[in-house]
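Visitor: I would like to learn how to read a few features of a model. Please take them one at a time.

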Amino acid sequence: MGTTDKTALVTGAGSGIGRAVALALAGEGYGVVLAGRRVDALEATAAMAPAGRMLPVAVDIADPASVKALFDRAGEVFGRLDLLFNNAGTGAPPIPLEDLTFEQWKRVVDTNLTGAFLCTQQAVRMMKAQAPRGGRIINNGSISAHSPRPNSAPYTATKHAITGLTKSTALDGRAFDIACGQIDIGNAATPMTARMSGGVPQANGEMAVEPTMDVSAVARAVVYMASLPLDANVPFLTVMATKMPFMGRG
């Protein structure tokens, strides 16, 4: 185990990529604020850590007051914030664009984009005010930030927007020792990608089983990005299953 007095906040920490990253950071000695909708899932994540400081906090990621309370709680318990991993995300049903309801569209935008913005806003405020000043923000972008899957307009649109948020945060945070980068992930084996073992639609209209990779590869990549000193940054990093049909997609 590494040793550090640093603190991280991970959204969507109750399962999948968020859980894996939170546990990997705890293994490096981080105090970790576990943020998500369900306290029971967050507590299950905390129970998996062999040691370390884990703080589960339920949050509605799309509600400004709830997000502010989350960061206030992190500050009360740990005193500072060194790393934010904006990971919480969701998708809409894979149906034709014209059949999506406004509510389905809004739910994805609220979670994937508005939630990331609200968390970034609170993190920047903390990182500017604390001493030593600064910190790092890592956004979960996705392969879909580059190329869409069929019938994925809400998810793809928000992930493209996350790239803009990453660039703007990196620019606006530069003068305050706040680094911002993005990890674009392809086919990590999580509950969200379980359906790939049964075949998923391809751009040419066919169905195909897609390979996945162990989610620990993502966790190691995030830990690497987080380990850099604040005078160095990885703006964009892609980690994907080697044999997934991405290169040449579209």
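Visitor: Does Thr-156 count as buried or exposed, and why?

Guide: Buried means under 20% relative accessible area, exposed over 50%, and partly exposed in between (1.4 Å probe, protein chains only). Thr-156 has 9% relative accessibility, so Thr-156 counts as buried. This is a predicted model, where local features need pLDDT of at least 70, side-chain atom pairs count only at pLDDT 80 or more, and totals for chains, interfaces and linings use all residues. Residues are numbered from 1 along each chain as its sequence is written, and side-chain values use heavy atoms, with hydrogens and water left out.

Visitor: Where is Thr-156, and which residues does Thr-156 touch?

Guide: Helices (H or I, at least four residues) and strands (E, at least two) are DSSP runs, numbered from the N terminus. Thr-156 lies in helix 5 (residues 153–173). Contact means heavy atoms within 4.5 Å. Leaving aside residues up to four places away in sequence, Thr-156 touches Ser-144, Pro-148 and Arg-149.

Visitor: Which residues of helix 3 are buried, and why do they line one face?

Guide: Ser-66, Val-67, Leu-70, Phe-71, Ala-74 and Phe-78 are the buried residues of helix 3. Viewed down the axis of helix 3, they fall within an arc of 135 degrees, so they line one face of the helix. The arc is taken from the directions from the helix axis to the C-beta atoms. The face turned away from the buried side carries the exposed residues Ala-65 and Glu-76.

Visitor: What covers the buried residues of helix 3?

Guide: The cover includes strand 1 (7–11), strand 2 (31–36), strand 3 (54–58), strand 4 (83–86) and helix 4.

Visitor: How should I read phi and the peptide bond?

Guide: Most residues other than glycine have a negative phi, and most peptide bonds are trans. Asn-151, although not a glycine, has a positive phi of about 55 degrees. Asn-151 sits in the loop between strand 5 and helix 5 and, at 42% relative accessibility, counts as partly exposed. Asp-177 is another residue other than glycine with a positive phi, near 60 degrees. Asp-177 is in the loop between helix 5 and strand 6 (178–186), and its relative accessible area of 35% makes Asp-177 partly exposed.

Visitor: Which peptide bond is cis?

Guide: The bond from Ala-131 to Pro-132 is cis, with omega near 0 degrees. Pro-132 belongs to the loop between helix 4 and strand 5 (135–140).
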